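Please report on the local architecture of the model shown below, covering a strand hairpin and the packing of some helices.

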Amino acid sequence: MKHLTKLLAATLAAGALLLSGCDRSADKADTVASADNQKDTGGSLKGDFGPPQGPEIKAILTSPPMVPPATGRKTPAKVIVELNVVEKEMEISEGVTYTFWTFGGTVPGSFIRIRQGDTVVFHLRNMPDSKMPHNIDLHGVTGPGGGAASSFTAPGHVSRFTFKALNAGLYVYHCATAPVGMHIANGMYGLILVEPPEGLPPVDKEYYVMQGDFYTAGKYREKGHQAFDMQKGIDENPTYVLFNGAEGSMTGDKALTAKTGENVRLFVGNGGPNLVSSFHVIGEIFDKVWFEGGTRYQENVQTTLIPSGGAAIMEFHMEVPGSYVLVDHSIFRAFNKGALAILKADGPENKEIYSGKEVDAMYIGERAQPNLAAVATAATAAKSGALTVDDQIKAGQALFAGTCSTCHQPNGEGLEGVFPPLAKSSYIAADPKKVIDVVLHGLSGPVTVNGKDYNSVMPPMTQLTDDEIANISTYVLNSWGNPGGRIDKAEVATRRKAAPTAAAAEH
């Protein structure tokens, strides 16, 4: 028994020693992996590389979605940054204008690219025709206010301050003049990249994308000029959630581009002022994400959170061609508030990775088209009192593609036994004005169309504006052998107020 006890004790001791060795090996492996993947750029204590060397450099600034070239420098320099504040009216959606306050005339503002250790002399000009004073708070600045107190600038004036870029990373900048939320909500934000001393690894394409939430007095896509709504901002109830300051800013003929076989890097920021972004690219997996814009990265990421006032860098490799949809995966923001963009990849198919068959309309609807100029044209014509039936038909066709064509099909034939046809529809012919009610209030239960019975559900499209419903209805009435006619937005407004024939929220 004594011998057995000694043997057992020896066995346990050997096992403990073996496990201890395994733990140490694992720790060592983890340390090596960490060293390989997580470069230490030193932080502010090690980010001062001494005085500037060589001639001073004027920073190259770019408008979104473009990114300036890499600095390509091994030593710190004195860098001059000149940024203009411009208040200007621009489209926030087709036929919808808004007065933006901008850095550099764009939303987001100009992309700034410097190197860790650089001494930056920052010039902020506020244009003479501005109505408000502005300043700038750069999250990449070490010092109270991030430069805000040093850069308060009245219209027609210029301010200057100097800072040393001590920390590498991707940082947000924004206006910090009271009321701060209003200035940011009007588009006053952008990104500044502070490269690590060795620079970033080369890639084939780099793009600049920044999300923001906007608060207009009118509802989503309500045409005409829209004012800022402070109460909506306070309530954190945005009308629009957008990439790069406008719905459709990177879709259709303005989509981002790449080729199969290329590596793509996105610099993505979130100006807010309120919402956190759940950033996702449909059909891609991020090989690396430098979360929160810092020096550490995660691998094989599907969706990454970007806080308001934060940023992230992500890289991925293009394997197969097609349209890749950039969204905020808080998904109603993408499809009902505008947070949607397209990266179009061209190149040969790779059937071993993906079988093919691309259906743009399934996800992006009207955004699959080159542009929505017909919608803007109809809105302009309506404003001037010159709206024609042809204007409405063209605008309605574009809107139908994104709202209705998945179920009713682009040719109006519907789906046999499931969704009734709109083409040569006996239901429409019997009462053309019913089109308005069906779009507005939906339709549920048995219905007979062209001699065939259907029993499905069409949900109400109350998110559409009166003129959008008028244009879609006019397009349907004048297409596929239907009786013709015209619907105006006043008729839609009247029927919107009428008691609806409720469609059940069935599925």
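Strands S22 and S23 form a hairpin with two residues between them, and Asn-450 in the turn has a positive phi of about 55°. This is a predicted model, in which local features need pLDDT of at least 70 and side-chain atom pairs count only at pLDDT 80 or more, while totals for chains, interfaces and linings use all residues. Residues are numbered from 1 along each chain as its sequence is written, and side-chain values use heavy atoms, with hydrogens and water left out.

S22 (residues 443–449) and S23 (residues 452–458) pair in the antiparallel sense over seven bridges, where pairing requires that DSSP finds at least two bridges between two strands. Gly-445 has Ser-456 in S23 as its bridge partner. Strands (E, at least two residues) and helices (H or I, at least four) are DSSP runs, numbered from the N terminus.

| Helix pair | Axis distance | Angle |
|---|---|---|
| H7 (residues 373–384) and H8 (residues 389–403) | within 8 Å | roughly 140° |
| H8 and H12 (residues 466–477) | 7 Å | about 100° |

The angle of H8 with H12 makes H8 roughly perpendicular to H12, a class that spans 65 to 115 degrees, whereas angles under 35 count as roughly parallel, over 145 as roughly antiparallel and the rest as oblique. Contact, meaning heavy atoms within 4.5 Å, is made by residues including Phe-400 of H8 and Tyr-475 of H12.

Methods: Axes are lines fitted to C-alpha atoms, for helices over the stretch in contact, and angles run from 0 to 180 degrees between N-to-C directions.
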